[in-house]
Amino acid sequence: MTKPKEVSPRHVGAVNFETEVWKLCREVAIVRGRKTGGRVSVSEVVNQVVEDARPKLERELARG
C-alpha cells in the first residue's frame, strides 16, 4: 500500500499572470499530468516554482 501524499493547508485566491506565463505553466502541468497519470495542476507548478525560489525570496524578506 502506498503512503498518501502529505497535504499542507491551502489558501485559495486569485492570481493574475501574463498570458505567456499562464500558457507555459499550463503546458508544464499538462506534461506532468501525462507523465504521472495524475491531474493537471497549474497550482502545483506554481507551488514548485516558489519552493525552488524560496531561499531567494526569504533573503529578499530579510533585507526588508
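Predicted model: local features only at pLDDT ≥ 70, side-chain atom pairs only at ≥ 80, totals over all residues.
**Salt bridge**

I started with Glu 44 and Arg 10, whose side chains form a salt bridge with an N to O distance of 2.9 Å. I placed both ends: Glu 44 belongs to helix 2 and Arg 10 to the segment before helix 1, so this pair ties together parts 34 residues apart in sequence.

**Helix 1 against helix 2**

Next I checked how these two helices sit. Helix 1 covers residues 19-36 and helix 2 covers residues 42-63. Their axes come within 8 Å and cross at roughly 105 degrees. An angle of 65 to 115 degrees counts as roughly perpendicular, and helix 1 and helix 2 are therefore roughly perpendicular to each other.

I then listed who touches whom. Helix 1 brings Trp 22, Cys 25, Arg 26, Val 28, Ala 29 and Arg 32, and helix 2 meets them with Val 42, Glu 44, Val 45, Val 46 and Gln 48. By type, I get seven nonpolar, one polar and three charged residues in this contact.

**Largest pocket**

Last, I went for the largest pocket, with a volume of about 520 Å³. It has 19 lining residues, and those closest to its centre are Arg 10, His 11, Ser 43, Val 46 and Asn 47. Arg 10 is the salt-bridge partner of Glu 44 from my opening entry, and Val 46 is also in the contact of helix 1 with helix 2. Helix 2 gives the largest share of the lining, seven residues. I sorted the lining as eight nonpolar, seven polar and four charged.

Methods: Residues numbered from 1 in each chain as written. Heavy atoms only, no water. Axes fitted to C-alpha atoms, helices over the stretch in contact; angles between N-to-C directions. Helix = DSSP H or I, 4+ residues; strand = E, 2+ residues; numbered from the N terminus. Parallel < 35°, antiparallel > 145°, perpendicular 65-115°, else oblique. Contact = heavy atoms within 4.5 Å. Nonpolar A, V, L, I, M, F, W, Y, C, P; charged D, E, K, R; others polar. 1 Å grid on protein atoms, 1.4 Å probe; cavity = no way out; pocket = protein on both sides within 12 Å on 5 of 7 lines; lining within 4 Å. Points joined across faces, edges and corners; volume = space filled by probe spheres on them. Salt bridge = Lys/Arg side-chain N within 4 Å of Asp/Glu carboxyl O.
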